[in-house]
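Here's a quick briefing for anyone opening this structure for the first time. Have a look at the sequence and the model, then work through the notes below.

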Amino acid sequence: MHGHGFPRRLSVADYNLVVLAGRLTCDPELKYTENEGTPFTKLTLAISRVATDADGSFQKSVTHVDVAVWKHQAELCCQYTKRGSHILVSGFLELLRWTDKDGAKQSKLRVRAQRIQFLDKSSAPCEPPAAEAAAS
């Protein structure tokens with residue numbers, strides 16, 4: 001034991017969970033992977049935030065977040081959402097790495113959706129259940 005009754009090396013589990021609500025910036029487009037034909041779509045979620053600055057005035061900012069959606073939930077997103085649709089996304093962060101055409105290494109974080117919930121009342125004629133799928 002090391003001070004305060006805690007072991008010297010305390011093992012803490014890693015935790016990667018993202019929950020976001022926002023609006024789609026464009027209509028989702030269903031695509032398929034070349035090798036296996038797995039359906040997917042890429043969404044960009046606009047998330048607004050209002051804060052007060054030092055003089056008390058309101059400042060609005062918008063953060064754009066890329067979201068990858070796979071399999072059946074990608075199909076549901078393409079069927080029931082469009083630009084401006086309000087959705088709730090839960091998933092995890094994943095790091096993409098690649099080398100660009102000039103040979104420079106690039107990287108980007110995006111959210112890998114595990115669950116998407118349609119928040120607009122008019123998203124679907126018969127409110128489908130929230131889109132869920134195991135992360136692939």
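Let's start with L88, which counts as partly exposed because its relative accessibility is 27%, between the under 20% that makes a residue buried and the over 50% that makes one exposed. Keep in mind that this is a predicted model, with a mean pLDDT of 87 for the protein chain.

**Around L88**
- You'll find L88 in strand β5, which covers residues 86-99.
- Leaving aside residues up to four places away in sequence, L88 touches V19, L20 and A21, along with R115, I116, Q117 and L119.
- Take L119 from that list: 31 residues separate L88 and L119 in sequence, yet their C-alpha atoms sit 6.8 Å apart in space.

**Helix α1**
- Helix α1 runs over residues 71-80, and its buried residues are Q73, A74, L76, C77 and Y80.
- Looking down the axis of α1, those buried residues fall within an arc of 160°, so they line one face of the helix.

**The cysteines**
- How many disulfides does a search of the whole structure find? The count is zero.
- C77 is in no disulfide, and the nearest cysteine sulfur to its own belongs to C78, 6.7 Å away.
- Is C77 buried or exposed? C77 has a relative accessible area of 1%, so it is buried.
- C78, with a relative accessible area of 22%, is partly exposed.

**Around S122**
- S122 belongs to the loop between β6 (105-118) and β7.
- S122 counts as exposed because its relative accessibility is 68%.
- S122 and T81 are 41 residues apart along the sequence, with 9.4 Å between their C-alpha atoms.

**How confident is the prediction?**
- Across the protein chain, 82% of residues reach a pLDDT of 70 or more.
- Where is confidence lowest in the protein chain? That would be strand β7 (residues 131-132), at a mean of 52.
- At the other end of the scale, confidence is highest in strand β1 (residues 18-24), at 97.

Notes
Residues numbered from 1 in each chain as written. Predicted model: local features only at pLDDT ≥ 70, side-chain atom pairs only at ≥ 80, totals over all residues. Heavy atoms only, no water. Helix = DSSP H or I, 4+ residues; strand = E, 2+ residues; numbered from the N terminus. Buried < 20%, exposed > 50% of the residue type's maximum accessible area, 1.4 Å probe, protein only. Contact = heavy atoms within 4.5 Å. Disulfide = S-S within 2.5 Å. pLDDT = per-residue confidence, 0-100. Arc of directions from axis to C-beta.
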